[in-house]
Amino acid sequence: MSYNVPNFRHPNLPKNKLGYTTKDYEGAVSTLCAGCGHDSISAAIIEAVFEMSIPPHRVAKLSGIGCSSKTPTYFLGKSHGFNSVHGRMPSVATGANMANRDLLYIGVSGDGDTASIGMGQFVHTVRRNVNMVYICENNGVYGLTKGQDSATTDIGSKSKKGEPNALEPIDLCAIALQLGATFVANSFSGDKKQLVPIIQAAIAHKGFAFINVISPCVTFNNVPGSTKAYDYIRQHMASTNTVDYVPHAEEITADFAEGTDERVTMHDGSVINLHKLEMKHDIHSRSSAIQLMQEYKAQDKVVTGILFMDEHSQEIHESMNTAPTPLRDLSEKELCPGSAALEKINDLHR
Amino acid sequence: MKRDIVTNLFVIKFANVNGTGSASANKLFSRAVFRMGVPISPKNIFPSNIQGLPTWYEVRVNDNGFLGRRGGIDVAVGMNPQSMERDIKEVDKGGYFVYDSTKPLNPEFLRDDIDFIGIPFTEKCREIYDDPRQRQLLRNTMYVGALAALFDMELDVFRQLISDLFKKKEKLIEPNIRAIETGYNLAKEMHSCPIAFRIERRDMVGNKILMDGNEACGLGAVYGGATVAAWYPITPSTSIIDNFSRYCRQFRIDPETQKKKFAIVQAEDELAAIGMVIGASWNGARAFTATSGPGLSLMNEFLGLAYFAEIPSVLIDVQRAGPSTGMPTRTQQSDILSAAYASHGDTKHICLYPSTPKECFEYTAKAFDLAERLQTPVIVMSDLDLGMNDNMSEPFEWDDQHKYDRGKVFSEEELENMDARFGRYLDIDGDGIPYRTYPGTHPTKGAFFTRGTSKDEYAVYTEAGEKYVANMQRLQLKWKTAAKLVPPPIIRKTDKPCTVGVVHYGTSAAATIEALFHLNDLHGISLDSMGIQAFPFSDEVERFILDHEYVFVVEQNRDAQMRSLLITEFDFDPERLVPLLHYDGSPITARFIRHEIRDWILQTSTLPRRGLHHRR
């Protein structure tokens, strides 16, 4: 849906530490359907980045193809964006990250883009622990091609077309966990209160941060019988924790309930305050996360929150031992061995 | 058998079992010839296999300096019982067959028009060495020593060479020199040395070097400032990345911190490899990948994106015999069309066609300048023959004054001082090349959205027909600009009036040039020639073809792909271009080209005839 948004903003819009308002983090007007879950995710990204006072131009946003992959146009208009080819955002993001390790990379994808055509690239980017945030806007349906089931559609789930899906779904969080993802979260586009701090925690995480966000498709998959509909998720969502993100150097004023709360200090000094709702879940244990997901699934519950994190992980540049200066900024002098060295190489080949 | 003595003009072929370490021994032999100042052109002929199958190494010793394959075998060294029957048959009349006489030769294989030289290498090794691996490896060195005696080569050259080659593994020097001497003495004791084929010191090599094209490409990428390499292993391109990695470790690791000024990512497939290259190049690094035909096929979709979104990217295609998996370890110029027009829609890509290691080095380094200047993919079209065989080459040169051409990129300062709106696809200079910005440059200016969809000059999505057409026409203008920047053809004119020309490219060069020499020398046929070095074709390419009544187009594929490309791009009458094709997977030979051209010219009138397609 296209509509005109007035350019006017309240003159007293709050500013972040850089003096920017949320307006400086907005993008073009969305052309997605009214009520699309993806627009809520874009709004959550804007809020998260604004609150963290990240300069917009230090973010690169990348996507593949599909409704979800259109969204980078609708947030962070002052950031460079790259709408690549279907299912191939992970490789483009990996290459971009190789060139400049200093930017923040936000990859946006969907369930078709990630779980079908891009599965190969997704799993390998997880393995490499590329330092980026990867958001899968998961609606269990192909929107742009008008309503086909996707690889994440649950068994028995019915989209607008009415045929129940017969195939086993791919659980992206479970796969990410098994592949060694160092940050895995599940969330819901309709729960901004949970989603924004999860995105912030993912940004603060050093390494590959995966967020699966269930994001209902109002046009093709928001019907009774669909397990990715607003009503279904609201009724079946069960949070394992809620999260507060506390930037570095900010006084931690949040209530801390002994026993049910946990503080995780990130590599940049910021703190994740976890309010645990499910006491047996240990977010530093993969097996605990997988077990919890299986238990909840058996009870028809959709578990949300941070499922796993390893805040001490080695991201790809650390394991490769790359120079601290972004590779793209190295000068010719640092890169080219020159004619004298070449003469020696010639000599070794005589 | 009575023979004339032939010095420095013969072909020797080694038949081995792969995985037995014969490659280094054979290389030792050719390097020794090279060090005696005699030009050589060695060719590996190997299977797609790691251990146990037949493999051959053919060395042409030639002090005329011709570097292509000649055709025919004068001396065979048969160390592989599996292929012995065929190896014996292959030797030209009057030649020699050197073999391991530990086991007697099958009498059925004997011929009376060649000489057999049996030396019991295996037996001797069993006698001297206890370790089985050593027996195998030094047996190879030993037959090289025997050849030194048979060809009357200088033993000191081998001694020095071994010392140089094993500089970093000193304890290997002594046993290898001993093995050479053992083989040398054994041959002298058992046979009358030297034989009719001899190698004599010359001064024909000058300061030339011996290197394979893949090493040259890897080195070219280092000199060209590549910092990101993403790749998926595939024969015959793999050693490009191996060499890039080796030279990076030599030159690009900070001695104090051990931090690397390069990143090499082994991707999950070729799609991801080119995706990473595009991502890194988009973000301002010089990035490249190396692949072969099957990988190029997989990269098609991404190449279209890089063309349309105008992202520099460098790809080295080491061609092998297709289609499909084809013959992975045999050579061909198989991807000329699929590289030039890779991807769906109206796309075309800059291709460079090196024919020597020096050109591999220079074109790879230059590919980064071209890719960034023109903001588009550049494909360096090597092949297995060039990439995996040692080729004699002029030494590499580098101008320390040369500055990388990073192309049109707005800096933070330029953006700061800019009043007009930044238009990523605006043709400000009238050459079709727009200006780009790297992500993260300026807080408020210069950001844009890169996409594979149609867009206007400001990178805003549009499906407006006139905007789409304007953009496609600008890309066409950029293509014309590219034709002026790529390496021009190499034209060789005869001093006689000449109405027929020969067109070649890549690894067909050496054999073609030799064939032309002999056509003139033996048959009085004198022809102009043109080596095409790049696509898009410059005006000189068109002029050369128009200046001749017809031209032969020499290439190593079935479908005359370069000929098709020329006809498509210039709208030539197809009859002007006579295909001359060799595509059995072996490098094209001078004899083949000479015979084809001779037969064609002597049997026909001056004008090209109908019925061309029957020949194809």
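**Entry 1: strands across the two chains**

I started with β2 of chain A (residues 80–83), which pairs with β17(B) in the parallel sense over three bridges. For my own record, strands pair if DSSP finds at least two bridges between them, and helices (H or I, at least four residues) and strands (E, at least two) are DSSP runs numbered from the N terminus. Opposite N83(A) I found R451(B), in β17(B).

A note on the source: this is a predicted model, in which local features need pLDDT of at least 70 and side-chain atom pairs count only at pLDDT 80 or more, while totals for chains, interfaces and linings use all residues. Residues are numbered from 1 along each chain as its sequence is written, and chains are lettered from A and ligands numbered from 1 in the order in which they are written.

**Entry 2: the side of chain B that touches chain A**

Next I looked up the contacts, and 55 residues of chain B are in contact with 48 residues of chain A; contact takes C-beta atoms, placed from the backbone, within 7 Å. Elements of chain B that each supply at least two residues to this side include β9 (209–212), α7 (213–223), α11 (300–309) and β17 (449–451). Which helix gives the most to it? That is α9(B), with nine residues. By class I noted 33 nonpolar, 12 polar and 10 charged residues on this side of chain B. Here Ala, Val, Leu, Ile, Met, Phe, Trp, Tyr, Cys and Pro count as nonpolar, Asp, Glu, Lys and Arg as charged, and the others, Gly among them, as polar.

**Entry 3: β9(B)**

I stayed with β9(B) and asked about its two faces. I209(B) and M211(B) are buried on one side, and L210(B) and D212(B) are buried on the other. My cut-offs, with C-beta atoms placed from the backbone, are 20 or more other C-beta atoms within 10 Å of a residue's own for buried, 12 or fewer for exposed, and partly exposed in between. β9(B) runs antiparallel to β16 of chain B (residues 390–393), with four bridges joining them. In β16(B), D390(B) stands opposite D212(B).

**Entry 4: an open sheet in chain B**

I traced five strands in the order β18-β20-β19-β22-β23 (chain B), an open sheet with mixed pairing. β18 (490–492) and β23 (577–581) of chain B are at the edges with a single partner strand each, so one side of each has no neighbour in the sheet. β18(B) and β20 of chain B (residues 528–532) run antiparallel and are joined by three bridges. I490(B) has G531(B) as its bridge partner in β20(B).

**Entry 5: helix α9(A)**

I checked the length of α9 of chain A (residues 286–298): its 13 residues at 1.5 Å a residue should span 18 Å, and the end C-alpha atoms are 19 Å apart, which agrees. The expected span is 1.5 Å times one less than the number of residues. A289(A), L292(A) and M293(A) are buried in α9(A). Down the axis of α9(A) the buried residues fall within an arc of 100°, so they line one face of the helix; the arc is that of the directions from the helix axis to the C-beta atoms. They pack against α6 (172–178), β7 (183–188) and β13 (302–309) of chain A. On the other side of α9(A) I found S287(A), Q294(A) and A298(A) exposed. Just after α9(A), D300(A) takes a positive phi of about 60°.

**Entry 6: K158(A)**

Last, I looked up K158(A), in the loop between β6 (148–149) and α6 of chain A. K158(A) has 19 C-beta neighbours inside 10 Å and so counts as partly exposed.

How values were computed:
Contact = placed C-beta atoms within 7 Å.
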